[in-house]
Amino acid sequence: MVTSSTDPTVGRFARVSSLRSYLYALPDLRDRPYSEALFTTFNVDLGYFEGHILGPARASGAAVTVIADGAQYEPDPRAVRGAGSSYAVGVVDLPTAFHPKVSALVGHDRLLLAIGSGNLTTGGWLGNDETLFIAQGTTATGIPAIAGQVARWLKSIETLRVSRAGRAGIERTRLAIERLLTSNEVVDTNHRLVTTSSGPILDQLPDGQVDELLLHAPFHDDKGTALGALLDRYRPRQVSIAVQPGRTIIDPNPLAAAARSRGVDLTWHDAGGTYRHGKLIEAVSGGRRWVLTGSPNLTGAALLRQLGAGGNCEVGVVATTDRSLYPGEGAPLAVGDVPSRRILVAPGEVSRSSQHVPVLLGATLDGEAIVIELSRPAPFPVTVEVSEFSDLPERSSVLGQVPAGATEVRIEVTREFGARSRVRISFESDGDRYRGPLHFLADPHAILHRVPSRRSSSTNSDVDWRALFGDDALLRDWTRTLDKVTREQRVLPAVGSRPTSSAQSAAIGKRGRGRTFDDEEGWAQYSVDAIARLGPTLAHETSGGLILPQLATRARTTISSSDPIWADTFDADESNFDDSQTAEDLDGDRAPETDTSGPADLATPQLKQRFRSWVNSLATTVAERPALDRMAITRMLLIASLVHVWDEDVAWFHPLYAATQTLSRDDVPARISPAAGALSAVCLYRLNQGASPDRRTGTGLHYVQLVEQLLPLIAARDTGHVSSIVYSVFGTSAVATHPQDVLDLIEGILDKNPWSEIVESIQRTHPDWDVELIEGTVNIESRSGSHFKIAAAALELMPRGLSAAIRVTSGRQLEERVYARHGDVLVLQDRLGTRLVWKTYRLSSLVSPSVIQGSPDAEARARIDGAPWSGLSATARTVLDAAGVTV
């Protein structure tokens, strides 16, 4: 439902030039209310941005993205410390100009939008006189309708030539806005977005003749084309233009001629002393007033042409207003007092030269390689240069080449380059050597790292597995905090969690309130919540490294950590820059590091009993917890199975079995399914060690049923994470194992080949036998024992419907006999003197191989073929062929 509101706190023209004061005054900053922060700009000063804007933006909890015009992008490398690690930078390559000034901060229950005229520079955000429209909304007050128009505009620019990291930031912001709109009341604030994505901006302005136009822009086209089009559309009697003589880019004579030829009275006014970069079209008619503010200058590329048809990328806001925004003051100026001032190219007014030349859009870390993205194919090879962050910016080495005709290349690297290293392209063109601006190597995971809530009551301790199992008090405190934070999160709206049933999920989807974790904003909230419950390190490890911990933890990052050699080192107390420094400085309550060297003291019977009670308590409540918590607790119970506290050898089986069962539920986010599959694989390996070899009842049957339940999950396992879990969990314990042992077991399960498990089960049940599988036959060698009894015991450990052959060698003379089973028939291949004989028996639910070998009467009743067994009967041949025995 859309309602109407004139509440100035929902949407209004601000009396400040930038969003800066709003960012520093954000309420509830420690709760990290936002998940995305997007800033679009024409010019950009990344040094100013990092020094004044990045801190509060990241402290709000947001992943930060800056999008700028590629032709204007020329950063000072000595002023940039966090690009590529603390935030993403994307540049747009257009034949005209990427000129919008839009800022958006979006969270799960609120947003803050700013649409103005100021670039992301010291002047644009601090020194100049700019225009600015602010829109705010929450789930409590409603979301302003203009947010939907911003989302549609963001959708339109996702198709522009921009780096993948920049496009991802745009898309995440759009999706976050759309979710707010579909799940909250939408409030019409009587403000409307106009963009060149939709068509010429002049065509989107209000209709109807006006009495007066009041105009200001720092740039006017030199032929007065835009002014002439405005006068033709609105036919005013009076037009006033505010200028700053000597500063405004203008030729007053064509503008005066355009007004004179249409019979319009043109008046010039002084716009004041402070440099005015704000843009304004203000129309007055019959006492009513509407305005256009935002990025468009009074030029044809800004007002008269659509993006893609010679127009800039521009964004403005149209609204009615009671007060004039016109900056002109004082007595009118004579035309002679308005000097002509030109620049070579006004933004977007002429097509940029060398359009065949590619622009470097971005450079991204990708494992052991760096991915280079160009805006267009080059007609010649392009050299890629790299300069490490810690080195002088002027020093660079050749990283590789982009072949002619390519737009993207993956360059394998022989040494590790951290995020923030500098990358540029160079090439020869028309006899000249071109070297492009420096870009900053981006770590795609680090730029998505959001600063979690720092309220001490809302975040669990940062501990690792070893610390938890080495300190009983810490273990219990961590568990209590887990329960407390989980309860607190369940009080909040269920925005970051997925319903447990498909019916619930469908119902929420119909209301438009659902959120999946395939989108970045949903995953961001999920990650923040998981860190609060589990602590940063455990959330990081449980997710398979997808959830990044705070940089204060021990987790490895790909961020270059050394200071550059040109950094000022005179202040010995200056702290090293890191990804979250500017955010941390705002609240300054860094949680103390947890001592992970606690004593592993579970020696007393009382502590052992308390530990067992803790394990069983976790196992009984694990099913009620979110997916990542279930994974963390299952891993804890896996570790607990190795702790020497169990009175019975396999008393740990049931808690671990109960927890592992919960891993297959359908609320596991798709992106952590490989980690869940790896954990399931290791748990199955451990449970197999404790399960009864008899798969028909008890723990053996539980194990078989669990294998079937987990098949889809273990099929998606991440083998690298299997190794990580094995080495961290088993270590040098008494049941230490190798990752390949786990992988072999899982491969056998997935291949539906039971033999490796059968052999392992027989060997474990009868450790005095030598058991191996040779060409499909189970070979058993024993120093003593009846051949038939050995074979019968082995067959009891095999699935009943499985055709099987067993070759038994036993006794001092190592005599050999073969036993084969197929369906309900058992064949014994024996030797009488020098000849082979084949005895056949009928099996049933009451007559097993063990019954036949243990009772002469049962053996006689079960016979199919009678003595003297001098030949191979058809029944025997069928069984032997089915079991793979060659006669």
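Predicted model: local features only at pLDDT ≥ 70, side-chain atom pairs only at ≥ 80, totals over all residues.
## The big picture

Of the 887 residues, 56% count as buried.

As for the fold, the secondary structure comes to 27 helices and 32 strands. If you take the contacts between residues at least 6 apart in sequence, 74% of them join residues at least 24 apart.

## A helix tucked inside

Have a look at helix H7, residues 225–234. Here 7 of the 10 residues are buried, so the helix is largely enclosed by the rest of the structure. The buried ones are Ala226, Leu227, Gly228, Ala229, Leu230, Leu231 and Tyr234. Just after H7 comes Arg235, which takes a positive phi of about 45 degrees.

## Salt bridges

The count of salt bridges comes to 29. One of them joins Glu394 and Arg78, with the closest N and O atoms 2.9 Å apart. This pair links distant parts of the chain, 316 residues apart: Glu394 is in the loop between strands E21 and E22, and Arg78 is in the loop between strands E4 and E5. Glu394 counts as exposed at 54% relative accessibility, while Arg78 counts as partly exposed at 37%.

Another salt bridge brings together the side chains of Arg342 and Asp251 (3.0 Å, N to O). Arg342 lies in the loop between strands E18 and E19 and Asp251 in the loop between strand E13 and helix H8, so the pair ties together parts that are 91 residues apart in sequence.

Elsewhere, Glu158, Glu171, Arg174 and Glu178 are linked in a network of salt bridges.

## A negative patch and a proline

Asp768, Asp770, Glu772 and Glu781 form a negative surface patch. Asp768 sits in the loop between helix H23 and strand E27, and this residue is exposed, with a relative accessible area of 58%.

Now find Pro799, in the loop between helix H24 and strand E29. Pro799 is partly exposed, at 44% relative accessible area. Pro799 and Pro754 are 45 residues apart in sequence, and their C-alpha atoms are 9.0 Å apart in space. Leaving out residues up to four places away in sequence, Pro799 touches Ile758 and Arg821.

Conventions:
Residues numbered from 1 in each chain as written. Heavy atoms only, no water. Patch = residues over 30% accessible without salt bridge, like charges linked within 9 Å, V, L, I, M, F, W, Y side chains within 5 Å. Areas by Shrake-Rupley, 256 points an atom, 1.4 Å probe, with all protein chains shown as cover. Salt bridge = Lys/Arg side-chain N within 4 Å of Asp/Glu carboxyl O. Lys, Arg positive; Asp, Glu negative; His and termini not counted. Charge placed at Lys NZ, Arg CZ, Asp CG, Glu CD. Helix = DSSP H or I, 4+ residues; strand = E, 2+ residues; numbered from the N terminus. Buried < 20%, exposed > 50% of the residue type's maximum accessible area, 1.4 Å probe, protein only. Contact = heavy atoms within 4.5 Å.
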